[in-house]
Amino acid sequence: MRQRSQTVARDGSPLKLSTRPSSFDSLDLLGPKRLTARDREYLATISTRLRVRSGTTIYERGDPATAVYSIASGSATSFRQLANQTRRVVAFLFSEDLFGLARGGRYINSVHALSPLTLLRIPRDALKTMLMRNPELQLHFLCKVTHALRESQRHAILVGCDDPLARVSRFLTMIEQAQPQKTTDVIRLPMTRRDIGDYLNLTSDGVVDALGELVRRRVISFDGAHNIRVVDRRLLTTTAKE
């Protein structure tokens, strides 16, 4: 008789798959639900841990989609090169974000490291098998995917805003909310002004002008090359809604 394989932890002990009801609330689908320590332990059994340098291309659009990735630390950008040689940034990725969307077995966007990255590379076939056996982990992945779709909708609304100043203000609040480790009133911007422009459908000069105007209005100040300090939180919120 064929024996069913069993998932084991790093120390070789078996991992029991949960059959208990999850303490899941349907509202969790609206937020970036974090993977639990148990989820990460399951994933570690089928994942390869990678460390890549800033500037590394993780994969390019059209490459065979053999794996899904989870960011343990660092930041990255997902983008698409358009036919007219312009680039459209579709997402900025931070700790605990998942990426690796595919269509027809190939990645639909390119992903580039903005900073040194620590990644979990999860083979797609092994992940599919694990999700079929672990409904709670499957649910957590659903939350992650749902959140990513919600962020795509948010991006579309943001780019549709006519006022560049409001567009940049909304971007700052969005990046602040997305970053896992928050320092009081400081927003870390690991991306270049060109990256921001390619995300907001603005020129680099347009981004610089909008940031400069926010400084002149004493809404923000620069705290080093890649840090923005929020000086007036209320005014930033008001400007973002204009």
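**Aromatic pairs**

I began with the rings and found seven aromatic pairs in this predicted model (Phe, Tyr and Trp rings, the last by its six-membered ring, with centres within 6.5 Å; planes under 30 degrees apart are stacked, over 60 edge-to-face, the rest tilted). I looked up Y59 and F99: their ring centres are 6.0 Å apart with planes at 40°, so I noted the pair as tilted. Y59 belongs to strand 2 (residues 57–59) and F99 to strand 6 (residues 98–99), so this pair ties together parts 40 residues apart in sequence. Strands here are DSSP E runs of at least two residues and helices H or I runs of at least four, numbered from the N terminus.

Next came Y69 with F99, whose centres are 5.3 Å apart and whose planes make 10°, so this pair is stacked. Y69 lies in strand 3 (residues 67–73), so its pairing with F99 in strand 6 links parts 30 residues apart in sequence. I then checked burial (buried is under 20% relative accessible area, exposed over 50%, partly exposed in between, with a 1.4 Å probe and protein chains only). Y59 is buried at 6% relative accessibility, and F99 is buried at 7%. Y69 is buried as well. I wrote down Y59, Y69, F99 and Y107 as one aromatic cluster.

**Ground rules**

I kept in mind that residues count from 1 along each chain as its sequence is written, and that side-chain values use heavy atoms, without hydrogens and water. In this predicted model, local features need pLDDT of at least 70 and side-chain atom pairs 80 or more, while totals for chains, interfaces and linings use all residues.

Eleven of the 15 residues of helix 4 are buried, so I see it as largely enclosed by the rest of the structure. Among those buried are R167, S169 and E176.

I also followed F92: beyond its neighbours within four places in sequence, its contacts (heavy atoms within 4.5 Å) include F171, I175 and M191.

**Whole chain**

I counted seven helices and 13 strands. Of the 242 residues, 40% are buried.
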